[in-house]
Amino acid sequence: MNKPVRRIAIFCGLLVLALLIRDNWLQFVQADELKTHKKNRRVDIARYSQPRGNIIVDGQAITGSQETGGVDFAYKRTYKNGEMWAPVTGRSSQVFGATQLENIYDRVLIGDDDRLFFNRTVDMITGKGKKGGDVITTLNSKAQEAAFKGLGDKKGAVAALDPRTGKILALASTPSYDPSKIAGANDGEAWTSLDKDKNQPMLNRALRQTYPPGSTFKVVTAAAALENGLYKDVDSKTDSPLPWTLPDTVTKLDNEGNLPTCKDGSLREALRISCNTVFGKVSADLGNKKMMAMAEKFGFNNKEIFTPVRVEQSVYPKDNRPQNAMAGIGQASNRATPLQMAMVASAVANNGKLMEPYMVDKVRAPNLNVIETHQPKEMSQPFSKQTAQQLQSIMETVVQDGTGKNGQIPNVTVGGKTGTAQHGVDNTANPYAWFISYAKTDNGSPVAVAVVIEGSDTDRSDIAGGKLAAPIAKSVMEAVLKTSK
């Protein structure tokens, strides 16, 4: 072979080798990246080439699939009572992608999960089309309905848990949206309208919005006082002047109204009528480190809470003395999601044990075989059983003879705490109305609830947790009690 031919042969050989290396690189190294690339239209075409598996509540599908008659996308997602269930399901849109459970369990729902290999193999042999698996939730349909209807045209959210297991029973957010209306390939106008809506209907307020928790946080402050030995029990007199001045300032902390029994009032009396002066001073006396430590046992400052949908971080701030006193009554930079405050009520109801919140009970294959089961898991033990029982006692006093009377349920023991959280520049905006609660039966507490009303057409003077939020919590608790018998 002469020299020029040999050079050409070597060059061609190198080209073939480079092609083989590139081909193997694409097939084995970049395969997953290319498969999931947002511009790979084939993935979306395959995703919507057959009906998706379903999301299940109480044995019934709250999702479905509908033939489109289109060339590329044969099916699109549908939702039953979409507005009510959107905070649970999220969306599955041919154009705008998937969120929440629809996103997290997408591979199961479209039948691509590795755990469905046996089903895919059988379908190939029998010639049947590929089928997706189902996601079975922990949600209680009656509780969800009570929460959604209770919120009505108000802007707000509800989160309800089973304190014994951490199961999420209700997760409502208003205003909401119907994911069916943005599921198709030609729903851009509906998407634009939702995206530009100043009321943010696609925001999951129960999991992804934080608010100043207001006086509902006083339950955490009371727990910190008892666990740190500041007061021996909930009926001991506190060292609480009236008026009381924030530390390192000349600013007096006011109570809501004329409340003379706040002076040196016990934790029971202070929670019953919601004394800012008592709990502000408790927080100041304990100091920022101890208050933060107690809050963190409940889940504050934790970025890793998943249900499996990620929960926005609730924050108890590292702060100076006057701001720490305000944070101890749920103001200043103290921020919490509705789920977080339901976790507070849950830990009290469950004798001091906080269970990890979750909303997916099982995942099953198309042949109904279960491929994944969630086991309840303890998240923390914020306080002792003795402290929990004392907190139960004073929260029950709030409902029996305090600001939370609208949460009463005949022949049922209910504990609760109201909250009216100030916000806006110089507190000029309408306050947020809160209520956290639990209901007890002979078998423990099957439900703990948190309700926040962010906005309504109620006059400012009538905005209070006991008036607006407590009746909603009551209806949710009643729904759970009826279905748990």
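Tutor: The side chains of Arg364 and Asp134 meet in a salt bridge, with N and O 3.2 Å apart; the term denotes a side-chain nitrogen of Lys or Arg within 4 Å of a carboxyl oxygen of Asp or Glu. This is a predicted model, in which local features need pLDDT of at least 70 and side-chain atom pairs count only at pLDDT 80 or more, whereas totals for chains, interfaces and linings use all residues. Residues are numbered from 1 along each chain as its sequence is written, and side-chain values use heavy atoms, with hydrogens and water left out.

The Arg364–Asp134 pair links distant parts of the chain, 230 residues apart: Arg364 belongs to strand S13 (residues 360-364) and Asp134 to strand S7 (residues 134-137). Strands (E, at least two residues) and helices (H or I, at least four) are DSSP runs, numbered from the N terminus. Within the sheet, Asp134 stands opposite Arg364 in S13. S7 and S13 pair in the antiparallel sense over four bridges; pairing requires that DSSP find at least two bridges between two strands. Both belong to an open sheet of five strands, ordered S2-S1-S7-S13-S14, with mixed pairing. Its edge strands, S2 (60-61) and S14 (370-373), each pair on one side only.

Asp134 is buried because its relative accessible area is 13%, while Arg364, at 23%, is partly exposed. Here buried means under 20% relative accessible area, exposed over 50%, and partly exposed in between (1.4 Å probe, protein chains only).

A search of the whole structure finds 18 salt bridges. One of them joins Arg77 to Glu102, whose closest N and O atoms are 2.8 Å apart. Arg77 lies in strand S4 (residues 75-79) and Glu102 in helix H5 (residues 100-104), so this contact ties together parts 25 residues apart in sequence. Both Arg77 and Glu102 are buried.

Another links Lys281 with Asp239, the closest N and O atoms being 3.7 Å apart. Because Lys281 lies in helix H13 (residues 276-286) and Asp239 in the loop between helix H11 (218-227) and strand S10 (244-245), the pair ties together parts that are 42 residues apart in sequence. Lys281 counts as buried at 11% relative accessibility, whereas Asp239 is partly exposed at 48%.

Finally, salt bridges that share partners join Arg52, Arg77, Glu102 and Asp106 into one network.
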